[in-house]
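Here are my notes on the model. Please read them with the coordinates open.

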Amino acid sequence: MSTRAPGPRAERLQAVKGMVDLLPPDSRRLVEIERVCHDLLGRYGYALVETPTVEYTPLFARSIGEETDIVEKEMYTFEDRDGRSLTLRPEGTAGVVRAYNEHAIHGIEPVTLWYYLGPMFRHERGQRGRYRQFHQLGVEALGVAEPGIDAEMMAMLLALLAQLGLARDAMELHINTLGCSVCRPSFRAALLRFLEPHEPELCEDCQRRFRQNPLRVLDCKEEGCRRIAGEAPTTLDHLCPACRTHWEGLLGDLGTLEVPCEVDHRLVRGLDYYNRTTFELLCTAGSLGAQNTLAGGGRYDGLVELLGGPPTPAVGFAMGLERLLLALGDLPPLAPRAEVCLVTQGAEARRLALPLARELRARGVRADVDHRGTSLKSQMKRADRLGCAIVLLLGESEVTRGVVGLRRMATSEQEEIPLAEVVGRAVERLRR
Ligand code: HAM
């Protein structure tokens, strides 16, 4: 017993602003989502990688770009005890490419297919679907320049979402091309010429940075900038022959795979490492609200080299898992928490129930024992809430006679089974 004198009521502590707790049933659904990801990505040949949650700050500044929103105002950056600047990763691609180079993977395999699942951190203004800590599934393919892999990646994203239960007509895939270092300068110059007379109408951020990076204006979410961006010249008019071949190849491969998509010339994405293909998946299902971009990605053929590796083409995307949970919100719940509930009356019944539950679990069944010793009625109520298919009832009379009542919840049918046979019968009934 504590000997401390009772003090004033302790202050109730709260989670960090903009960060959320992921509790059941959402956390259970996340496990299910991750299981589907491991399974489907495995079928496409992708392997899981885990890179650290913190990296040295220059990695992000160099990869994502100094003049991006993420690097300018959203990173969680701090000094560690050795005085080096560290940053909580705002995204996963930079760390993956750092690891690819650090372990010289290019010398081990010509094509590297990796994915990751984990938390990312951005100090953004919080709202539904936008958090300061969020989780991503990220997928990266390194070593392939051909557009076939871009198309296959988009088809894979749609297949993943379909397998998770999202309706096809709730998903919109937008694609664009940004050209490359050969053709981007002429597009950039044309964009600058177009934007200059509109300067006073641009938002503060865009006014400040459009001369260094006019593409940022195309990506800006402010209404005024969006209106201007709608009239801006497009990359398609400036593509070099190699980028045009890639773009046409991509459209062809998307057609072959029957991937429906819309070309969106404003889709430049908020990170600087992209070239050629960019894409985003928008979703109209569930309660996503304004933050309805479920996934985004594209090519980053220059990033491996920029971070000190050999020239290596690459493409990837990431999907926000909290947004996915919001999108899936309307769908029926997953598998019930328990398939079989053991409802007992009295100490002897509870003693018999424990090994029965253990045996059921060993045979792959989700089994629950109500340890509280409350009334049969309240235990039955809880069993119903857990969504179980079968209740095994051990009342005083059943214990005396060495039987168990097996009740099927859907039909309310009940039969008596000898104690020694009940696990086998329950499994049989469940799997039927
Ligand atoms: P991103 O567009 O910055 O791309 O993020 C990808 C997805 O992460 C978004 O579509 C969204 O679902 C989710 N997300 C981003 N910020 C938040 C937030 N504050 N709260 C909740 N969800 C958020 C990337 O991160 C790139 N690394 C994708 C990539 C991989 N490109 C090539 N490979």
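Which element gives the largest share of the lining of the largest cavity? H14 does, with 4 residues.

1. Basis. This is a predicted model, in which local features need pLDDT of at least 70 and side-chain atom pairs count only at pLDDT 80 or more, while totals for chains, interfaces and linings use all residues. Residues are numbered from 1 along each chain as its sequence is written, and side-chain values use heavy atoms, with hydrogens and water left out.

2. Domains. The protein chain splits into domain 1 (26–183 + 239–328) and domain 2 (340–431). These bounds come from an automatic or database domain assignment. The C-alpha centres of domain 1 and domain 2 are 47 Å apart.

3. The cavity. The count is 1 cavity of 30 Å³ or more. A cavity here is a set of points on a 1 Å grid over the protein atoms alone, where a 1.4 Å probe fits but cannot get out. Grid points are joined across faces, edges and corners, and a volume is the space filled by probe spheres set on the points. The largest cavity holds about 30 Å³. Its lining residues (an atom within 4 Å of a point) are Cys-341, Leu-342, Val-343, Asp-368, Asp-370, Gln-379, Arg-382, Ala-383 and Leu-386. E12 and H14 are the elements that give two or more residues to this lining. By type, the lining of the largest cavity has 5 nonpolar, 1 polar and 3 charged residues. Nonpolar covers Ala, Val, Leu, Ile, Met, Phe, Trp, Tyr, Cys and Pro; charged covers Asp, Glu, Lys and Arg; the others, Gly among them, are polar.

4. The five-stranded sheet. Helices (H or I, at least four residues) and strands (E, at least two) are DSSP runs, numbered from the N terminus. Two strands pair if DSSP finds at least two bridges between them. An open sheet of 5 strands runs E13-E12-E14-E15-E16, with mixed pairing. Strands E13 (367–369) and E16 (413–418) are the edges, each pairing on one side only. Neighbouring strands of this sheet are turned by 25° on average, direction ignored. Axes are lines fitted to C-alpha atoms, for helices over the stretch in contact, and angles run from 0 to 180 degrees between N-to-C directions.

5. Pairing and packing in that sheet. E12 (residues 340–344) and E14 (residues 390–394) are parallel, with 5 bridges. Val-340 is opposite Ile-390 in E14. Helix H14 (residues 376–386) packs on the sheet and touches E12, E13, E14 and strand E15 (403–408). Contact means heavy atoms within 4.5 Å. The direction of H14 makes about 175° with that of E12.

6. The hairpin. E15 and E16 run antiparallel, joined by 6 bridges. Val-404 is opposite Ile-417 in E16. The hairpin of E15 and E16 has 4 residues between the strands, and Ser-412 in the turn has a positive phi of about 65°.

7. E1 pairs with E5 (residues 112–121) in the parallel sense over 2 bridges. Leu-48 has Tyr-115 as its bridge partner in E5.

8. A pocket is an open set of points with protein on both sides within 12 Å along at least five of seven lines. The second largest pocket has a volume of about 360 Å³. It is lined by 20 residues, and Cys-180, Ser-181, Arg-184, Asp-272 and Tyr-274 are the closest to its centre. Helix H6 (184–195), helix H8 (215–219) and strand E9 (275–283) each supply at least two lining residues. H6 gives the largest share, 3 residues. The lining of this pocket divides into 10 nonpolar, 4 polar and 6 charged residues.

9. Backbone points to check. Most residues other than glycine have a negative phi, and most peptide bonds are trans. Glu-258 is not a glycine, yet has a positive phi of about 55°. Glu-258 sits in the loop between helix H10 (241–256) and strand E8 (262–263). Pro-24 and Pro-25 are joined by a cis peptide bond, with omega about 5°. Pro-25 lies in the segment before helix H1 (26–43).
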